[in-house]
Amino acid sequence: MYTAVEGSRVPIRMWADPASVEDQAMRQLHNVANLPWVHGVAVMPDVHYGKGATVGSVIAMRDAVSPAAVGVDIGCGMSAVRTSLTAADLPDDLLKLRRRIESAVPVGFGLHKTPVNPAKVHGVGGWDTFWKSFGDLHPGVQDLHDRASRQIGSLGGGNHFIEVCLEQGGEDEGRVWLMLHSGSRNIGKELAERHMAVARKLPHNADLPDPDLAVFVAGTPEMRAYRRDLFWAQDYAARNRATMVALVKQALKDVVPQTTFDDAISCHHNYVAEETYDGVDLLVTRKGAIRAGSGDLGIIPGSMGTGSYIVRGLGNTSSFQSASHGAGRRMSRNKAKKLYTAEDLAAQTAGVECRKDSGVVDEIPAAYKDIETVIKAQTDLVEVVAHLKQVVCVKG
C-alpha cells in the first residue's frame, strides 16, 4: 500500500518509506507535484534522485509532458526470454559463453561494423518505414543516421547488461533465461537533450522552481515535434532490444545448439504513454517504472550479483498501473567508486561469470537497494511469476 505525502498541489502516492527518500529526491517530487499540468504522481519503491525528475516516478499530466520526466535514455527497458535449457545443459566454462555474447553484441560506446540484417530479428517488421522516418526527426541529429543504424543491436554502458540466469525455486528450478537491459543508445540521448533545451526556453516555463522540469504543452509545434521524436526513439529502443535478443539467442545456440526459446517478454521503463484515469485522458510518464496493467508481464532486475524478477501486473490504478523498474540505486556512482574496490566487487559477484575490474565498481551490488525489499513493497502492484539469479553478466 502507498503512503500519501501531502504538501503539494496534488498528493504524492509513495510505495516507499518517505523517511528513506533523499532530501533532493523529495524536493524533486514536490516540485513536480506542484506543476499546474500534473494530475497525479506515484512513486515506486526503487525511488532515488535523478536529473530533472526523480527516478522511480510516474507522472500523469493533462495536455503536457516534461522531457526530463522521461530522461535522456528514451525507451530504456528490459527483455527476457525463457529457454529450453536447464543449468545442467550449460557448459562448465561460462567464460566461453560470456566471450561469445560479447563478440556478438558491441558494449560500451561500441557499434556494429555494418548494420545488423533485419531478417535476423524475427517477428519485427516495418524496418523500411522506420528508417525512412529518420529524415523527419530534429534537424540536429540528421548526421547521426549511420551511427544510429550501426548501434541497433548494441548494449551501451552504465547499468545496461546482458545476463544468463537460472530460475530459482518451483517446478522450473534451474531453467535458463536470457535477460538484457538497454535503451535508445546515443540517438535517444541526442534527441532528448535537444528537446530539453527547447523546452527550457519556452515562456510558460520561465518561473518553474527547477528549469529541468520544463514542459511542452498540447497544441504547440514544440509538443508535436517532441512527440514525433519521442515515439520514434521509443520504437528504436524496442528494436534495439529485439535485435540484441536475436544476437544473444544465436550466441547461446552456438555454444549449446539444441536450445529453443519461448517468446520474449519486453517492457520500457523510461517512456510516455497515452492513458486514461479518472475519466481524464493523460500523458503518463514513467521514468524508472514499468507498466503493470492487469496481466501485463514485466521485468524487475536487481544488481549484477543479486538476481531479478519476472512479474505480472495487478492493474492498480492508484499507481497509474505502474511498478518499479529495478532495485534502484542507494548511492551515486562516484560514491560507490570511492567506497569500494575491485576486490569488493569480486566478493559480491562470487559465482557470477562477469567483469570484476575497477571499470565496473560503480555497478557493485552494494550500490543498489535490496531487491527483495523492493519487491515486498509492491505486492499490491505486481505478483511474482519467476525469480531469477544470474550466472553470466555482460557489462559495457
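The second largest cavity in this predicted model is lined by P67, A68, M196, A199, R200, P211, D212 and A214. Sorted by class, that lining has 6 nonpolar residues, no polar ones and 2 charged ones. The space inside the second largest cavity comes to about 40 Å³.

Searching the whole structure turns up 2 cavities of 30 Å³ or more.

Let's visit the largest cavity now, which holds about 50 Å³ of space. Its lining is made of S79, A80, V81, I162, E163, L178, M179, L180, V245, V248 and K249. You can trace these residues back to the elements β6 (77-86), β7 (161-167), β8 (175-182) and α6 (221-255), each of which gives two or more residues to the lining. By class, the lining of the largest cavity divides into 8 nonpolar, 1 polar and 2 charged residues.

Our last stop is S133, a residue in the loop between α3 (127-132) and α4 (145-151). Is S133 buried, exposed or partly exposed? S133 counts as partly exposed because its relative accessible area is 22%, and the partly exposed class lies between under 20% for buried and over 50% for exposed. Next, follow the side chain of S133: it reaches the backbone oxygen of F130 at 2.6 Å. The side chains of S133 and W232 are also joined, by a polar contact of 3.2 Å. Finally, look across to R228, which is 95 residues away from S133 along the chain, while the C-alpha atoms of the two are separated by 9.7 Å.

Definitions and conventions:
Residues numbered from 1 in each chain as written. Predicted model: local features only at pLDDT ≥ 70, side-chain atom pairs only at ≥ 80, totals over all residues. Heavy atoms only, no water. 1 Å grid on protein atoms, 1.4 Å probe; cavity = no way out; pocket = protein on both sides within 12 Å on 5 of 7 lines; lining within 4 Å. Points joined across faces, edges and corners; volume = space filled by probe spheres on them. Helix = DSSP H or I, 4+ residues; strand = E, 2+ residues; numbered from the N terminus. Nonpolar A, V, L, I, M, F, W, Y, C, P; charged D, E, K, R; others polar. Buried < 20%, exposed > 50% of the residue type's maximum accessible area, 1.4 Å probe, protein only. Polar contact = N/O pair within 3.5 Å; in protein donor to acceptor, adjacent residues only side chain to side chain.
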